[in-house]
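Biologist: I have a new structure open and would like to learn how to read it. Can we go through it feature by feature?

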Amino acid sequence: MSENKTPQSDAKASVIDALNSPSQAVDQADPRRWVALIVLLVATFMDAVDVTVVNIAVPHIQADTGASTAQIQWVVGGYALAFALGLITGGRLGDLYGRKRVFLAGVAGFTLTSLVCGIAGSPEVLLAGRIAQGAAAALMVPQVLSIIHVSFPKEERGKVFGVFGAVSALGVLAGPLVGALLVEGDLFGLGWRPIFLVNLPLGVAGLIAGAMLIRESKDERAARLDVGGMLLSATGLLFLVLPLIQGRELGWPVWTYAMLAASVPVLALFVAYERRVIARGGSPLVVLSLFSRRSFSGGLGVQLLFGLASGVFFLAWALYLQLGLGFSPLKAGLSGLPLSLLLMAGAGVSMQVLVPRFGRRVLQAGALIAAAGMVLFAWLVGHYGADIALWQTMLPLVPMGIGMGLIIAPLTDIVLSEVPHEHAGSASGLNNTTTQLGQAVGTALSSLIFFNHLGGDGNPAVRAAKMPDAFAHTLPYVAAAFLAAFALLYAVPRRAGRKDADTVGGPRAEEQARQPAPDPALTR
């Protein structure tokens with residue numbers, strides 16, 4: 001057959017070549033990406049620290065502001081609630097209106113609300129500031145993963161997602177230590193207030209650097225925000241997350257069970273509504289087709305279990321160290337250093353050396369190693385009781401840190417590996433929401449696992465003598481969550497993201513489906 005070429009056929013051939021090429025146009029590397037990454041990681045660290053930094057300062061905040069117990073609970077839980085409710089919408093807003101623009105708006109809001117919290121003269125102002133701070137973080141955080149996803153070429157993303165995972169985990173672990181240092185340091189006689197005010201210089205610097213260094217990107221095809229989906233998702237998540245955050249402190253009143261039950265039909269209605277939006281050719285808040293990808297759905301399941309294990313462990317661990325063993329906040333924070341340092345080391349080795357060679361087996365090995373650390377911790381606590389030495393409390397954190405590092409670093413890369421660039425914000429919001437939901441469920445399960453075993457009137461301070469036994473009772477459940485993650489990882493492709501360009505339903509296939517059928521002569 002003759003191969004007469006015309007300008008139109010050349011154009012068609014160029015489209016086909018671009019679709020089948022290992023590097024798409026959207027994969028062109030941003031020359032400032034590595035410097036911009038620093039800005040993104042600082043924002044990630046600020047948010048991660050603020051999740052836990054308040055816990056250490058609670059007694060000082062209560063004494064200074066006269067806040068009631070209920071108000072203090074909301075100062076802690078209000079941030080988490082607003083953050084969880086806004087993540088999906090925040091991610092989609094970046095797809096629609098520009099990820100850089102929404103990221104900078106989130107940084108500005110986070111900085112301003114940190115100032116409000118730092119100068120608050122009453123518990124009501126502090127509570128309002130914390131809720132607004134969580135909402136601002138919900139705008140800021142999903143854009144980090146989205147911007148990484150569209151700014152870095154595919155061969156670099158695994159490394160960058162590994163660094164992101166390590167920094168995020170380090171921030172959560174460093175929160176109590178940072179809080180202890182700032183509160184006990186009493187900078188300028190400000191007491192607890194520097195835990196919020198320290199965000200001001202970081203936020204201002206992040207705004208300036210982000211405006212200069214981050215490249216703008218968005219979904220060019222999306223028309224407008226799915227308001228109906230936003231309201232339904234926020235309502236369903238509110239019904240699910242609020243009882244999990246507040247239920248234990250309030251003694252699980254009837255309304256908590258009613259809201260949990262109501263969350264199921266509301267979220268089912270949300271899914272049905274999104275399907276209707278898609279059928280009409282609209283722009284849904286959540287792209288449901290993402291769940292057909294094993295890397296995405298399986299990865300989110302592991303993310304949920306990982307968050308669950310963290311939620312059960314870290315609350316019980318903090319109370320055990322400070323109330324059961326009498327550690328100061330600073331000493332308790334320092335005891336977690338092996339976990340922080342080895343988590344980062346494990347993350348680096350995982351992404352740079354192990355995952356490229358062994359794939360998902362690295363994550364499965366990490367889950368087993370972390371579970372072994374929990375079993376060792378349970379044995380040590382059961383054997384030594386309240387007489388356990390500092391170094392003995394640190395020893396089990398070595399395998400746990402290594403194991404968590406092996407998991408957390410590549411997990412984000414797996415979740416996003418088959419996500420088309422235009423849906424990066426929606427996928428990032430779902431990824432972060434799943435983590436938050438897992439942690440909320442884990443914290444709620446602490447009521448059944450840790451506090452029920454502790455006994456008493458629900459106040460752990462008066463049951464310090466029984467704290468080691470209750471903590472040892474909790475650890476096998478944490479190990480079980482890691483083992484469940486090990487099993488669920490079999491649902492993830494062995495080499496997630498390697499074959500997605502050529503598989504049915506992969507991002508490139510999805511792009512090709514939108515294109516007109518090529519001239520048969522051009523495909524020969």
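This is a predicted model: local features need pLDDT of at least 70, side-chain atom pairs count only at pLDDT 80 or more; totals for chains, interfaces and linings use all residues.

Biologist: What is the hand of the crossing where α4 passes α8?

Modeller: The crossing is left-handed.

Biologist: Which residues of α4 and α8 make the contact?

Modeller: From α4 come K100, L104, V107, A108, F110, T111, S114 and L115. From α8 come N199, L200, G203, V204, G206, L207, G210 and A211. Sorted by class, the α4 contact with α8 has 9 nonpolar residues, 6 polar and 1 charged.

Biologist: At what angle do α2 and α8 pack?

Modeller: Helix α2, residues 33-65, packs on α8 at about 150°. The axes are 9 Å apart. That angle therefore makes α2 roughly antiparallel to α8. The crossing of α2 and α8 is left-handed.

Biologist: Which residues make the contact of α2 with α8?

Modeller: On α2, they are V35, A36, V39, V42, M46 and D50. On α8, they are N199, L202, G203, G206, A209, G210 and L213. By class, this contact of α2 with α8 divides into 8 nonpolar, 4 polar and 1 charged.

Biologist: Let me turn to the backbone. What is the phi of F188?

Modeller: Start with the rule. Most residues other than glycine have a negative phi. F188 is not a glycine, yet its phi is positive, about 55°.

Biologist: Where is F188 placed?

Modeller: Look in the loop between α6 (154-185) and α7 (194-197).

Biologist: Is F188 buried or exposed?

Modeller: Exposed means over 50% relative accessible area. F188 has 80%, so F188 is exposed.

Biologist: Now the whole chain. How many helices and strands are there in the protein chain?

Modeller: Count 19 helices and 0 strands. The chain has 524 residues, and 54% of them count as buried.

Biologist: What is the accessible surface of the protein chain?

Modeller: About 21700 Å², with 66% belonging to carbon and sulfur atoms.

Biologist: What share of contacts with a separation of 6 or more joins residues 24 or more positions apart?

Modeller: In the protein chain, that share is 83%.

Notes
Residues are numbered from 1 along each chain as its sequence is written. Side-chain values use heavy atoms; hydrogens and water are left out. A crossing is left-handed if the near helix is turned anticlockwise from the far one by less than a right angle, and right-handed if clockwise. Helices (H or I, at least four residues) and strands (E, at least two) are DSSP runs, numbered from the N terminus. Contact means heavy atoms within 4.5 Å. Ala, Val, Leu, Ile, Met, Phe, Trp, Tyr, Cys and Pro count as nonpolar, Asp, Glu, Lys and Arg as charged, and the others, Gly among them, as polar. Buried means under 20% relative accessible area, exposed over 50%, partly exposed in between (1.4 Å probe, protein chains only). Accessible areas come from the Shrake-Rupley method with a 1.4 Å probe; for residues, only the protein chains shown count as cover. Axes are lines fitted to C-alpha atoms, for helices over the stretch in contact, and angles run from 0 to 180 degrees between N-to-C directions. Angles under 35 degrees count as roughly parallel, over 145 as roughly antiparallel, 65 to 115 as roughly perpendicular and the rest as oblique.
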